[in-house]
Amino acid sequence: MAQVPQRFFDALAVRTWCGLSLRALGRAREEIDAINVYPVADGDTGTNLYLTVESAVAAVEAVFAAHDVGVRVGAGAPGDDGPSLADAVGAMAHGALIGARGNSGTILAQLLRGMAQVLTAQGEPAHTDGPGLRLALRHAAESARQAVAHPVEGTVLTVASAAADAADGAEGDCATVARAAYEGARAALAATPGQLPVLERAGVVDAGGHGLVTVLAALVETFTGRAPGPEAATVPHARVEQAGEDLTGECAAEEGDENGPAFEVIYLLEAEDAAVARLRQRLDALGDSLVVVGGDGLWNVHVHVDDAGAAVEAGVEAGRPYRIRITHFGHGDVHTTGAERPPRERTQRAVVAVVPGEGLAGLYGEAGATTVLARPGEPPASGELVQAVRRAHAREVVLLPNDAELRHTAAAAAEQARTEGIRVALIPTRSAVQGIAALAVHEPERRFDEDVVAMTSAAGATRYAEVTVAERQSWTTAGICQAGDVLGLVDGDVAVIGADVTEVAATVLDRMLAAGGELVTLVLGDEAPEAVADHLEARVREAYLAVDTVVHRGGRQGAPLLIGVE
């Protein structure tokens with residue numbers, strides 16, 4: 001179906017481009033993963049690019065959602081059509097930065113940041129035209145190249161430079177510039193095997209460059225209403241059908257780089273520019289594939305090293321590293337060689353659950369579930385859920401999102417896993433307490449359908465609530481709340497507004513038990529008052545006969561208290 005074309009590069013065009021890029025990378029992910037042989041043949045470039053753009057999309061959508069809320073409460077200006085271009089591209093760049101994965105994802109984040117720097121340089125214009133887009137593409141290519149410690153030709157950097165060169169020669173509107181950039185990038189991508197011997201030996205083009213061409217094709221669709229035709233979109237490369245393990249093994253043998261770094265280290269870093277300059281020098285001495293992107297006090301650091309601890313310590317010396325991810329290049333990657341190990345046998349069935357705190361992660365883990373931690377304000381992307389399903393290594397998987405806002409994300413992950421031959425059942429749990437109820441009746445020995453029905457029934461029979469603190473003034477189903485008010489939500493709607501966590505929790509619990517119940521589950525967050533559990537347990541004992549209470553510690557789960565009534 002044709003996309004409604006955008007005339008200018010404005011906030012709506014940013015939103016459209018991000019959405020189209022995510023869908024295009026979703027379709028191309030497996031192909032890009034399959035041809036990933038440089039710098040490490042770990043078969044994840046397509047997935048990393050998808051996760052990076054998914055984070056950018058989430059940030060842009062959040063800006064539009066916040067604008068809509070502002071209009072509803074009267075904060076928007078009369079005739080205000082939406083967020084500004086500066087807000088949209090700033091969110092796109094920030095989202096990509098904090099969600100960047102892998103070498104190519106980190107470089108893509110810097111490309112988007114480079115574009116944003118140009119598009120916001122003149123204050124907050126409503127839109128930009130063809131010449132503005134040309135400047136943005138040029139600055140993006142230059143800033144990405146500067147972010148890489150040792151740029152290599154035949155990679156995504158080469159493709160980005162070619163796109164900027166082609167755009168420089170294009171006169172006209174955004175559609176004309178975008179089309180020129182896409183064609184230039186596509187031609188450069190086809191030439192990458194001649195620039196990088198490892199690509200030529202494997203018979204493939206650069207995977208990161210392929211991803212960038214896919215993103216630029218989405219830019220063309222944004223301004224023309226149609227994606228480049230099949231002939232234009234196809235980039236010739238040989239032997240893709242033999243990619244994956246075959247290409248990985250071949251590259252390992254031909255490169256002979258068994259002594260390469262063993263770990264990939266990625267983290268976000270809050271630090272000053274001077275400290276980051278020193279960090280670059282230290283990490284460059286520790287390993288390779290060093291990419292440091294960002295600015296204005298927030299950076300994303302990516303490096304391949306043998307001493308992962310030293311890479312993290314260097315970040316601690318520079319500032320405050322967090323969201324640290326360390327990946328060992330396991331069997332089959334370009335840096336590891338040796339005798340083949342037999343593949344691990346798949347289990348028959350597993351449960352994958354999203355949990356809001358470390359305490360619940362431990363509880364679910366003890367029950368045999370594979371967990372994905374959702375920190376406050378950082379919901380997992382669909383790619384993270386897919387990776388968790390793969391990590392469970394089972395033929396059948398029950399997926400528990402434990403959040404109403406994650407239903408679409410979980411559905412996309414389930415669909416992706418099904419294409420990989422995994423039987424996945426998605427139980428639409430809306431809270432971690434519903435997930436606990438489902439997990440309690442899980443029996444792997446039962447037939448899959450029977451197990452799913454029993455778990456779904458248990459979750460559906462569990463009413464859920466949470467006690468939290470309002471961050472801002474807002475309209476709710478229980479009236480207007482102010483920042484700092486304690487809110488009691490029952491089944492997702494605000495039912496009680498008060499000033500004390502314990503009092504609000506007691507009121508919520510009474511309302512829930514008025515309809516009956518046999519078991520109360522309390523999950524205490526780190527911010528919950530010390531006495532709240534004792535108070536609620538005593539209240540249940542005194543007022544509700546034959547009702548049991550179970551208390552769990554959830555850790556940093558966002559809300560001070562979660563309540564479930566079965």
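Student: Which handedness does the crossing of helix 5 and helix 6 have?

Tutor: In this predicted model, the crossing of helix 5 and helix 6 is left-handed. Two packed helices are described by the angle between their axes and the distance between the axes. Here the angle is about 155°, and the axes of helix 5 and helix 6 lie 9 Å apart.

Student: What does that angle make helix 5 and helix 6 to each other, roughly parallel or roughly antiparallel?

Tutor: Angles over 145 degrees count as roughly antiparallel, and helix 5 and helix 6 are therefore roughly antiparallel to each other.

Student: Which residues of helix 5 and helix 6 meet?

Tutor: On the helix 5 side you can look for R134, L137, R138, A141, A144 and R145, and they meet L157, T158, A160, S161, A164, D165, A167 and D168 in helix 6. Sorted by class, this contact of helix 5 with helix 6 has 7 nonpolar, 2 polar and 5 charged residues.

Student: OK, and how do helix 6 and helix 7 pack?

Tutor: Helix 6, which covers residues 156-168, packs against helix 7, residues 174-191, at an angle of about 140°, and their axes are 7 Å apart. Helix 6 and helix 7 are therefore oblique to each other, and helix 6 passes helix 7 in a right-handed crossing.

Student: Which residues make that contact of helix 6 and helix 7?

Tutor: Helix 6 brings T158, V159, A162, A163, A166 and A167 to the contact, while helix 7 brings V177, A180, A181, G184, A185, A188 and L189. By class, the contact of helix 6 with helix 7 consists of 11 nonpolar and 2 polar residues, with no charged ones.

Student: And at what angle do helix 5 and helix 7 cross?

Tutor: The axes of helix 5 and helix 7 cross at roughly 30° and come within 7 Å. That makes helix 5 roughly parallel to helix 7, and the crossing of this pair is right-handed.

Student: What meets what between helix 5 and helix 7?

Tutor: From helix 5 there are G130, L133, R134 and L137, which meet C174, V177, A178 and A181 in helix 7. The contact of helix 5 with helix 7 divides by class into 6 nonpolar, 1 polar and 1 charged.

Student: Switching topic: how many cavities of 30 Å³ or more are there?

Tutor: Rolling a probe the size of a water molecule over the atoms shows where empty space is left. For this model the count comes to 5 cavities of 30 Å³ or more, and the largest cavity has a volume of about 120 Å³.

Student: What lines the largest cavity?

Tutor: The lining of the largest cavity has 14 residues, and those nearest its centre are L111, M115, L137, L212 and L216. Two or more lining residues come from each of helix 4 (102-119), helix 5 (130-147), helix 6 and helix 9 (207-224), and helix 4 gives the largest share, with 4 residues. The lining of the largest cavity is made up of 14 nonpolar residues, with no polar and no charged ones.

Student: Last topic, the backbone. Which peptide bond is cis?

Tutor: Most residues other than glycine have a negative phi, and most peptide bonds are trans. The peptide bond from Y38 to P39, however, is cis, with omega near 0°, and P39 lies in the loop between helix 1 (11-34) and helix 2 (45-72).

Student: And what about phi of S289?

Tutor: S289 has a phi near 50°, which is positive although the residue is not a glycine, and S289 sits in strand 4, residues 287-295. H393 is not a glycine either, and its phi is positive at about 55°; you will find H393 in the loop between helix 15 (382-392) and strand 9 (394-400).

Definitions and conventions: Residues are numbered from 1 along each chain as its sequence is written. This is a predicted model: local features need pLDDT of at least 70, side-chain atom pairs count only at pLDDT 80 or more; totals for chains, interfaces and linings use all residues. Side-chain values use heavy atoms; hydrogens and water are left out. Axes are lines fitted to C-alpha atoms, for helices over the stretch in contact, and angles run from 0 to 180 degrees between N-to-C directions. Angles under 35 degrees count as roughly parallel, over 145 as roughly antiparallel, 65 to 115 as roughly perpendicular and the rest as oblique. A crossing is left-handed if the near helix is turned anticlockwise from the far one by less than a right angle, and right-handed if clockwise. Contact means heavy atoms within 4.5 Å. Ala, Val, Leu, Ile, Met, Phe, Trp, Tyr, Cys and Pro count as nonpolar, Asp, Glu, Lys and Arg as charged, and the others, Gly among them, as polar. On a 1 Å grid over the protein atoms alone, a cavity is a set of points where a 1.4 Å probe fits but cannot get out, and a pocket is an open set with protein on both sides within 12 Å along at least five of seven lines; lining residues have an atom within 4 Å of a point. Grid points are joined across faces, edges and corners, and a volume is the space filled by probe spheres set on the points.
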